[in-house]
Amino acid sequence: MSRVPGMPMAMLAAPLAFFLAFFLAPLAVVILASLGDANGAWTLEQYLRVLADRYHWEVILVTFRIACLTTLASLALGYPLAWYLTRMVRWRAWRRACVILLVVPMFTSNIVRSFGWMVLLGRKGLLNQSLLDSGLIERPLRLLGTETGILIGMVYVLLPFMVLAIGNALSRLDASHELASADLGATPRATFLHVILPLTLPGVISGCIMVFTLAVSAYVTPALLSGGRVTVLSMLIFQQYSSVFDFHYGGALSVVLLVFTLVMVGLAGRIGRPRGDA
């Protein structure tokens, strides 16, 4: 079959146009807005306003603390669940059913799921009522309006991403490595720590990056479960764009969030890079 000249570029034209129009162009608008002021002059005043204020650093700390804890909790829950789906479930129909149960909530709006957690975590919600009836607590726990409540909702929303990423890595693992480790006298624990875990580390890093980036930029779940008592950067950005209409300040907040997120993702990528790579 003869090769048509210019065909690769023609095939890339539409994706590149989409990328330029709906990613690079809006990003450029936000960056340019963050470098200006109400008088149209170029300035770094908005960044100084963000980085020189203690309140903003507290919001940044809360934002990244929630994102990191969400990632760690999703990893702690996601790896055993992925292991169960790929290694312990032998019946294909049941495995497919488990995967469907895992991903079906992703087709529901985050708003609906967050309202569901508001009902569950309320002072008279199902969780508190169950704990009170069992005698484990004497008074209702305050979960809504706290970082704990936000963390619970975020883990529920983002856990499937971690499970799917790790499950894909586990399913592609060559069983001969485990057999060789067992033949050499390694215990199951040693095989997992020194063979399985290192070989599935790319999947773990991929899942952590997905969960972290989605958690650090999430708005709906923190906004609803915080009750206005906990503020994250996405809430500040939304407020500036939708209520205050200060696009310069909102742009600076957006760029700061983007830069900090890229730094964290870059560090995670270096952790997952094999030794010896530049």
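These notebook entries record what I looked up in a predicted model of one protein.

**Entry 1. Confidence**

I began with the confidence scores. The mean pLDDT of the protein is 88, and 95% of the residues score at least 70. I then asked which element has the lowest mean pLDDT and which the highest. Helix 4, residues 92–103, has the lowest at 83, while helix 3 has the highest at 94.

**Entry 2. The largest nonpolar core**

I turned next to the nonpolar residues. The largest nonpolar core comprises 47 residues. Which residues have the most contacts inside this core? I noted Ile-166, Leu-233 and Leu-253. The elements that contribute two or more residues to the core include helix 2 (45–51), helix 3, helix 7 (147–171) and helix 12 (247–271). Helix 4, helix 5, helix 9 (188–216) and helix 11 (233–244) are also among them.

Setting aside residues up to four places away in sequence, Leu-253 touches Val-50, His-56, Leu-233, Leu-236, Ile-237 and Gln-240.

**Entry 3. His-56**

Is His-56 buried or exposed? Its relative accessible area is 4%, and buried means under 20%, so His-56 is buried.

I also looked up the partners of His-56. Its side chain reaches the backbone oxygen of Arg-49 at 3.4 Å. Apart from neighbours within four places in sequence, His-56 is in contact with Arg-49, Val-50, Leu-236, Tyr-249 and Leu-253.

**Entry 4. Ser-114**

I then located Ser-114 in helix 5, residues 110–121. With a relative accessible area of 2%, Ser-114 is buried. Which residues is Ser-114 in contact with, once neighbours within four places in sequence are left aside? I recorded Val-220, Thr-221, Leu-224 and Leu-225.

Cys-68 is in no disulfide; the nearest cysteine sulfur, that of Cys-208, is 10 Å away. A disulfide requires sulfur atoms within 2.5 Å.

I compared the accessibility of two cysteines with the cut-offs. Cys-68 counts as partly exposed because its relative accessibility is 30%, which falls between the limits of 20% and 50%. Cys-98 counts as buried because its relative accessibility is 13%, under the 20% limit.

Methods
Residues are numbered from 1 along each chain as its sequence is written. This is a predicted model: local features need pLDDT of at least 70, side-chain atom pairs count only at pLDDT 80 or more; totals for chains, interfaces and linings use all residues. Side-chain values use heavy atoms; hydrogens and water are left out. Buried means under 20% relative accessible area, exposed over 50%, partly exposed in between (1.4 Å probe, protein chains only). A polar contact is a pair of N or O atoms within 3.5 Å; within protein, one must be able to donate a hydrogen and the other to accept it, and residues adjacent in sequence count only if both atoms are side-chain atoms. Contact means heavy atoms within 4.5 Å. pLDDT is the predictor's confidence in each residue, from 0 to 100. Helices (H or I, at least four residues) and strands (E, at least two) are DSSP runs, numbered from the N terminus. A nonpolar core is a set of buried Ala, Val, Leu, Ile, Met, Phe, Trp, Tyr and Cys residues joined through side-chain atoms within 4.5 Å.
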